[in-house]
Amino acid sequence: MIKIIEKQKYLWSLLFSFFLLTLNHSDIYAQDLLSKLEEEYRQFKPGDPEKVFITGKLAQALFFNQRENEAFELLKKDLVFTNKLSETKYGAYLNTILAINQLIADDKLNSRLSILKAKALVDRSKDIETKGYVYYGYGWILAREQQESEAVKQFMIALSYLDQAKQSNTLISRKANVYKELTSIYANWNEFELQEKYSKLALNLAIKQDDPMTIFDSYMSLGYMYEQKFLDSPEDTKYRNLAENSYLKALKIYQDNMGSMPIPSNLAYVANNLAHLYYKFYPKEYRDKAIKYAEMARLKATETKQFNLVASSHGILSEIALEDGKNE
C-alpha cells in the first residue's frame, strides 16, 4: 500500500509554520533573506523604535538558520530597549516572538511568562493591529499545547482586532495566519464546513496580496481537505474532483512563478499528490496522468533530496507496473 505520510506532514507544516521562516527554504534563499534583514537592521538609528519590527523578523531568521542563541540574545537586547519606551506595542510584539521561539525550543515555562507579559503590555497600547498579533501568538502557543478550544477563543479575539485595524503591509498576512490556524484546528475536529470556510478566506487573502507562495500553499491545503472529505464519502466524486482542481491550480501557480518560489521540493509534493489521486481514485483511463505526475515527482524529489517523496512516487510507478504486468 502506498503511504501518504509525507503528504500529511506537508499539510501540517503548511498550517503550523506560516508565521515563521522555515527550514524548508532553500539554503540560498534563506541566506539571502538573512543577509537582507541584517542589512536592514543595521540601517536603523539606535533610538528608532520602528527597528523593533526588523528585530522580530531577523530573530526568526536567525532562529531557523541554526543560530538560536543569537536570536535569543537579539530579542533580549532589544526588549531592554523597548522597556524604555512609553508605547508598549513594541515590547508586546517582541515578547510574542520570544514566547513562540521559546516554545519551539521546548522552554514552556518561559514561553508562557513571555506571552503573558506580551498580553499585559498590549493591553496598555491603543495599537489595534498589535493587539490582534499578540492574541494570535497566544492562540498559536495554546494550539501547540493541545489547548485547542482556548486557542480558538484567542484566535477569534485576534480577528476581532485585525478586522478593525487600518490597512498595513502586515495586516493581510496576519489575518491569513489566523485563518490557517483555525483551518488546522477545525480539521482536527472534523468540522468540514468551518475548515472549508477558513481555508477559502486564507486563499482569498493570498490572492489579494498577490503572493504566489501563499496562494500555492492555500490550494494545497484545500486539495488535501477535499481529498480527505472524499475518503469519508467515496461515493461522492464531487470532492475528489475538487481535490484534483485544487492540486492542478497549485501546480500551475508553481510553474508560472518558478523563479520566485523559495521551496523547490514543493513541486514534487503537488505532483506526488496528483499522481496518488489519479492512481487511487480515478478510473484506469487516468493511468497515464498518474504516471506523468509520479515521474515529475520522482525527478524533482531526487533533485531536492526529498527521499520520502522519491520512495512514494517510485511506489506508485511500481504498483502501476505490477498491475500492468498482471493484466498482460
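Modeller: Helices here are DSSP runs of H or I with at least four residues, and strands are runs of E with at least two, numbered from the N terminus. The model is predicted, so local features need pLDDT of at least 70 and side-chain atom pairs count only at pLDDT 80 or more, while totals for chains, interfaces and linings use all residues. Residues are numbered from 1 along each chain as its sequence is written, and side-chain values use heavy atoms, with hydrogens and water left out.

The part to look at is α10. This helix covers residues 192–209, 18 residues in total, and spans 26 Å from its first C-alpha to its last. That is close to the expected 26 Å, the expected span being 1.5 Å times one less than the number of residues. Just after α10, Asp210 has a positive phi of about 55 degrees.

Buried means under 20% relative accessible area, exposed means over 50%, and partly exposed is in between (1.4 Å probe, protein chains only). In α10 the buried residues are Phe192, Gln195, Glu196, Tyr198, Ser199, Ala202, Leu203, Leu205 and Ala206. These buried residues pack against α8 (148–162), α9 (171–188), α11 (212–232) and α12 (237–256), where contact means heavy atoms within 4.5 Å.

Now the charged pairs. Side chains of opposite charge can pair when their charged atoms come close. A salt bridge is counted when a side-chain nitrogen of Lys or Arg lies within 4 Å of a carboxyl oxygen of Asp or Glu. The whole structure has 16 of them.

One is formed by Glu129 and Arg174, with the closest N and O atoms 3.0 Å apart. Glu129 belongs to helix α7 (residues 128–144) and Arg174 to helix α9, so this pair ties together parts 45 residues apart in sequence. Both Glu129 and Arg174 are buried. Helix α9 is also one of the elements against which the buried residues of α10 pack.

Another joins Arg287 and Glu323 at 3.5 Å, N to O. Arg287 lies in helix α14 (residues 287–303) and Glu323 in helix α15 (residues 307–327), so parts 36 residues apart in sequence are tied together. Arg287 is buried at 13% relative accessible area, whereas Glu323 is partly exposed at 29%.

Asp78 is buried, with 2% relative accessible area, and Lys77 is partly exposed at 47%.
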